[in-house]
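Morning, everyone. Please bring the structure up on your screens. I'll go through confidence, then a helix pair, then a sheet.

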Amino acid sequence: MKITTYIFACIASLSFNSCTSEKTIDTSVYMDINRPVEERVEALLKQMTLTEKIGQMDMVSEWDKDAIIKNGYYDFGAWIAGMEPEETNKIQALSEKTRLKIPYLIGMDAAHGYGTLSGRTIFPTSISMAATFNRNLVKKAAKTAAGEIRSAGTHWTFAPCVDIVYDARWGRTGETYGEDPYLSSELVKQAIRGLQENADPQKRVAASMKHLAAGGASVGGVNHASADISERSLRSYILPPFKAGIEAGCMTIMPGHNDIGGIPAHASKWLLTDIVKNEFGFKGFYVSDMMDMDNLKTLHFTAENQKDALRQSVNAGMDMHMYSPDTTQFIVPLTQLVQEGIVPIKRIDDAVRRILKIKFELGLFENRYIDPDKDIYATAENRSLSLEAARECIVLLKNENNLLPIDVQKYKRILVTGPNADNQSILGDWSFFQPDSNVTTVLKGIREVVPGIEVVYSNSGRIKAKISKEKTNTTDPALQKQLLTEGGGISDYSISDAVTKAKSCDLVVVVIGGYGIRSDWGLRTYGESADRPSIDFYGRQVELVQALQKTGKPVVAVIVNGKPLNNEWISQNIPSIIDIWEPGMYGGKALAEILFGQVNPSGKLPITIPKNVGQIPMYYYQSSSRYWTGYGLGSSRSDDQPAYCFGHGLSYTTFEYSDLKLDTVFSLKEDIQLSFKVKNTGNRTGKETPLLFVHDCVSSVVTPVALLKEFTKVELEAGEEKTVHFTVPSSNLGLWNTEMKYTVEPGKFIFKIGRSFNDIRLEQDIFIQ
C-alpha cells in the first residue's frame with residue numbers, strides 16, 4: 001500500500017510540476033517547417049520544464065498501455081510498440097493530452113521487414129543479406145522495408161545490428177553482417193541509407209545501430225557476458241561499422257548488454273561520449289537496450305540502487321531509457337539527481353536536443369498519425385524483391401560430383417524431410433508466425449517449382465519438441481504420428497518413416513539446422529539469449545541424416561540457420577550441402593530454383609564456419625602467430641583449417657581471373673587503383689563476387705594475415721568477360737600504432753584477389769613510401 005501511494009504521489013507531483021507554467025505556448029518557431037531543425041529544437045526546448053525534458057528521455061511499452069491510461073500521465077518520449085495503424089494512432093493520441101503535445105517516437109525491432117506484424121514482406125535476415133555481398137540489394141531491401149514500417153505508424157527500428165562476430169556460438173549472429181569489419185561497414189551504410197534517406201520525412205524510418213560494442217566477442221559466445229578486448233582490437237575491428245553508420249547519418253545507437261574490460265557499455269563515458277559522440281561526431285541519441293541502465297544495479301552490480309544506476313549511465317552519455325512501467329523507474333530519480341546537482345542540466349538538455357532533433361527530422365510535428373487506408377505492404381513488387389534477395393543469399397557449400405542441380409530426368413521421385421522442411425524457420429529471428437499464404441516453405445517451394453516430379457514428404461518432427469499432453473509410453477504408429485503432428489521432436493518412429501520412404505525414392509533432400517522464430521521463444525536453438533556451447537546440430541538431426549545416408553540414396557543437406565553450424569561427419573559424407581541461412585518469406589522457392597538449376601547460386605559466406613567448437617574463435621583475420629605451431633604438433637595441421645572459409649561459395653559455373661593491373665609504388669596519401677578481368681568459363685550465366693584482401697608485411701604492431709579491403713558483385717553470361725576496377729583509399733591501409741594513433745605506415749603490402757579467403761587467384765606486392 002505504501003509503494004502504491006508513493007507512486008501516485010510522485011505522478012501527481014510531476015503532473016503539477018509540468019503544468020505550473022500557464023504561459024501561452026509559442027509555436028511560431030518550432031512548428032514552422034521552413035525553419036532549420038536546430039532552431040526549431042531550441043525554440044521548443046526553452047519552453048520545457050525539467051520534468052517534461054526528463055520525460056522525453058523515457059520510453060514506455062505497449063504492454064503497460066492500460067496502466068498508463070489509468071494513471072493519466074503521458075509525458076514520455078517514446079513507446080516500444082509493434083501495432084497495426086489503428087492502435088498506433090490511439091497511442092499517439094495520448095501525446096496530445098500533454099501540455100506541449102510533443103509527438104511520441106514509436107519503435108520496434110523491425111530488423112528485416114516488419115516480421116512481428118502479420119502479412120508484411122519479410123526479407124532475409126542481416127547475416128543472410130551479408131551472404132549476398134550486394135550493396136545495392138541491401139539498400140533496396142531496407143528502403144522497401146522502411147515503407148512498410150512507416151505505413152504501420154512505426155517511426156523507428158532497433159536495427160541494424162553491427163556486432164562483429166568472433167564467436168560462432170553466439171546466438172545473435174543472425175542479426176549481424178558477420179565477422180568482417182569492412183563488409184559490415186559497407187552494408188550498414190547501405191541499410192541506414194535505405195531506411196533513413198527519403199525526401200519525404202513522413203517516409204523515413206530512424207535506424208538504431210546496435211549493440212555498442214563487442215557483444216559478438218563475449219565470453220563463451222553468451223549474450224550479456226563480458227568482452228575482454230583491447231582498445232586496439234576494439235578500434236581496429238569492432239568500432240569501424242559504427243563509425244561508418246554514423247557517417248551515413250544513423251539517427252540512434254543502442255549500446256550492448258555487456259561490459260568491456262569491466263566497464264558496462266551503458267556506463268562507459270569513454271565509449272559513449274569520448275569516442276562515439278566527440279571523436280566520431282555522432283549527432284543522434286542513445287537508447288538503452290531493454291532495462292540495461294537499470295542492469296548496472298541488477299546484472300553488473302556497479303550501482304547500489306536505481307538512482308545510482310541512472311547517475312552513472314546518464315552522465316556517461318545515455319540519452320533515452322528503455323523502458324519504464326511507471327514514473328518511479330526513471331523520471332522521479334533522475335529529476336532528483338538534477339535537483340541535487342549530481343546530473344548537470346546541460347547533460348539533460350543535450351539528450352533532449354538530440355531526441356527532439358530526430359522527431360523533427362521524421363516529420364512527426366507535421367503529422368504524428370498514420371492513415372490506416374495507406375498502410376500498404378507485401379505488394380507484388382516488394383515480394384519480388386524479397387525473392388531476389390533470397391536467391392542471392394543462398395550458399396552452395398559442397399557439390400560432390402556435380403549432384404546439383406538436380407537432374408529431373410534421373411531423379412524423378414524425391415523425398416523431402418527434416419525438421420525445417422515444412423515450417424517457418426526460414427523467416428529467421430525477429431519474426432512471428434505468418435499466414436501460410438505469406439511463406440513458401442522448402443517443401444512447398446519444391447512442389448511449386450518442379451511440378452513434374454513426384455515429391456514424397458516425411459514429417460521428421462521438430463528440432464526441439466513441444467511438451468505433449470500425451471504421456472502414454474507406446475510405439476503405436478498412430479500415436480507416434482499424432483505426436484509429430486502436435487509438435488513432437490525427431491524420434492525413432494520419424495527416423496524409421498524417413499528411411500522407409502527414402503528407399504523408394506531416387507534422391508533425398510533433408511532440411512536441418514536451427515530454429516529461431518521469436519514467438520516460439522522456448523523452442524529456439526539460437527537468437528537473443530539462446531546461446532549454445534556448440535556449433536553442432538541440436539538434438540537428433542545428425543542421427544536422422546546418417547540414417548538417410550545409409551540407404552545409399554544421394555542426399556542433399558539443406559541448412560537453415562542464423563549462426564554457423566557444422567557437423568564433421570555430415571561435411572565429409574554428404575555429397576551436396578547448401579546453407580540457406582534465414583532467407584525470408586520466399587526462401588523455399590529460392591532454394592527450389594537453385595536445387596533444380598533455374599537459378600545459379602551466388603551467395604558467399606560472410607563468416608567462417610569452424611569444423612567444431614574447439615576451433616573457436618576462427619574468424620579469418622587472425623595474426624600469423626595463431627598458425628605458427630597451431631594445432632600441428634598436438635593434433636593435425638588440418639585442424640588449423642575451418643570447415644568452410646570466409647567468402648566460400650560454389651557456383652554451377654566456373655570463373656577465371658586474369659590480367660591484374662596494379663602499380664608497384666605509391667605515396668602515403670595516394671589512393672590505390674587496380675583492375676583485373678573476370679571471365680565466366682562455364683556454360684551458364686552466373687554471378688561472381690571478387691574479394692580483395694591485403695596483408696601488411698611489416699608493421700609497428702601485430703596485424704592480421706589479411707583483411708578484406710574491397711569487393712563487388714558482377715553478373716556474367718557464359719563465356720563473358722568483364723574488367724573489374726577497384727579503388728582502395730590509402731587511409732584504409734592504416735593501423736593503430738603503439739601510441740594508439742591511426743596511421744598509414746610505409747612498407748610492403750601484398751594485394752590478393754580471389755573467390756574466397758582460401759581461393760586466391762591473383763596476387764601482387766606493392767610498396768608505400
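**Confidence, helices, strands**

This is a predicted model. The protein chain averages a pLDDT of 94, and 95% of the residues score at least 70. Now look at residues 1-21. The pLDDT there is below 50. Beyond near neighbours in sequence, that stretch has 27 contacts in the model.

On to the helices. Two packed helices are described by the angle between their axes and the distance between the axes. Take helix 19, residues 492-503, and helix 20, residues 541-549. They pack at about 25°, and their axes are 9 Å apart. Angles under 35 degrees count as roughly parallel, so helix 19 and helix 20 are roughly parallel to each other. Their crossing is right-handed.

Which residues in helix 19 and helix 20 meet? From helix 19 we have I495, A498, V499 and A502. From helix 20 we have E543, L544, A547 and L548. By type, the residues of this contact are seven nonpolar, no polar and one charged.

Now zoom in on one pairing. Strand 19 covers residues 672-680. Eight bridges join strand 19 to strand 24, and the two run antiparallel. For a landmark, find K677: it stands opposite T723 in strand 24.

That's my tour. Over to you.

Conventions
Residues numbered from 1 in each chain as written. Predicted model: local features only at pLDDT ≥ 70, side-chain atom pairs only at ≥ 80, totals over all residues. Heavy atoms only, no water. Axes fitted to C-alpha atoms, helices over the stretch in contact; angles between N-to-C directions. Helix = DSSP H or I, 4+ residues; strand = E, 2+ residues; numbered from the N terminus. Parallel < 35°, antiparallel > 145°, perpendicular 65-115°, else oblique. Left-handed = near helix turned anticlockwise from the far one by under 90°. Contact = heavy atoms within 4.5 Å. Nonpolar A, V, L, I, M, F, W, Y, C, P; charged D, E, K, R; others polar. pLDDT = per-residue confidence, 0-100. Pairing = 2+ DSSP bridges.
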